[in-house]
Each structure stands twice: as structure tokens, then as C-alpha cells.
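Work through the exercises below with the sequence and model open. Try each task before reading its solution.

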Amino acid sequence: MIEVSDGAVSAMMPGHLIRRLHQISTQVFARRIREAGSDLTPVQFAALDAINQQPGVDQASLAHSIAKDRATVGAVVDRMEQKGLLTRVVSDQDKRARELTLTDKGRRVLAALMPVVADLQKEILGGLSEDEYRQFIALAAKAARSGDPANEN
């Protein structure tokens, strides 16, 4: 049983803490990205990074890569294409698939924002020591992998 000396028991439950950290993460990301002169969302940044790592990736694979549903990724890709950050072309192998590649502008935006996003990570978990930070990352990654249906056998 979870023991709490002050406040609601739910405040110390993993689901609540994960939700709070997500709120903090999103707020810090939005503020820092805005200060850097961009309006990119966390999902758009993740998509840019994934496309940069896998030029020509199709939208369905991108959705899997960034753990979003296809409809969400479709809308994200639409917005990023309108911003001139990527191109979308019909696949030669599968006419139903759309392959994504960053434009020069997309690569420049990603390169400019990557250090900003790297720096804000410590701010999200500001109350942790270096050791605690590394331990948190290892445990969160382990929990995410074990909870991912794609990892089930």
C-alpha cells in the first residue's frame, strides 16, 4: 500500500505522477521552444527527428516510431508540410503509402532546436541529482518498453 503523510493517496500513484511529469514536460518544452522563436509542438519535433533519422519513412512507420496513431500523424504531417518542413511523396513500391523527407528548412529547424530540446530535459526533472536523473531515465525506459504492446511476444 502507498503511504502518504500529507495529501491524497492518488498523488503518489504512478499514473498521477506520469501525468504530472507530462504536463511539466509539455509546459517546459512549449516555453523553451517559443523562446527559441519556434512554434513546433513536441509531436512535431519528434516527427522531424524521426524523419531525419529515417529519410523516406512512410507515415504508418512514422506513427509507430513516435508512438502516435495514424490519424494524429496524418494531421501532424499536414501541418509540417504546410510549414515547409517536409515533403510527402507517393511511394514507388506502394501507391497507398506516403514517404516523408525533410526539406532544407526542416533540417535547419531541427538542427537549431535540437540543442534547445536537449538542454530542457534537465529542467523537466530539475529536482533530481545526476545519478537520480540517469536512474529515472533507465527506469522510465524499462517501464515504457515493457508496457509497449509492440514488445509483447
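## Exercise 1: the chain as a whole

Buried residues, meaning those under 20% relative accessible area with a 1.4 Å probe and protein chains only, make up 24% of the 153 residues in the chain. This is a predicted model, where local features need pLDDT of at least 70, side-chain atom pairs count only at pLDDT 80 or more, and totals for chains, interfaces and linings use all residues. Residues are numbered from 1 along each chain as its sequence is written, and side-chain values use heavy atoms, without hydrogens or water.

**Task.** Give the order of helices and strands along the sequence.

**Solution.** Start with the totals: 6 helices and 3 strands. Both are DSSP runs, numbered from the N terminus: helices are H or I with at least four residues, strands E with at least two. Now read along the sequence: α-α-β-α-α-β-β-α-α.

## Exercise 2: the sides of α4

**Task.** Find which residues of α4 are buried and how they are placed around the axis.

**Solution.** Step one: locate the helix. α4 covers residues 70-82. Step two: list its buried residues. They are Val73, Gly74, Val76, Val77 and Met80. Because they cover an arc of only 165 degrees around the axis, they sit on the same side of α4. The arc is that of the directions from the helix axis to the C-beta atoms. Step three: turn to the face away from the buried side. Ala71 and Gln82 are exposed there, with exposed meaning over 50% relative accessible area.

**Task.** Name elements that cover the buried residues of α4.

**Solution.** The cover includes two helices, α2 (42-53) and α3 (59-65). Strands β2 (86-90) and β3 (98-102) are also among the covering elements.

Note on methods: Expected span 1.5 Å × (residues − 1). Contact = heavy atoms within 4.5 Å.
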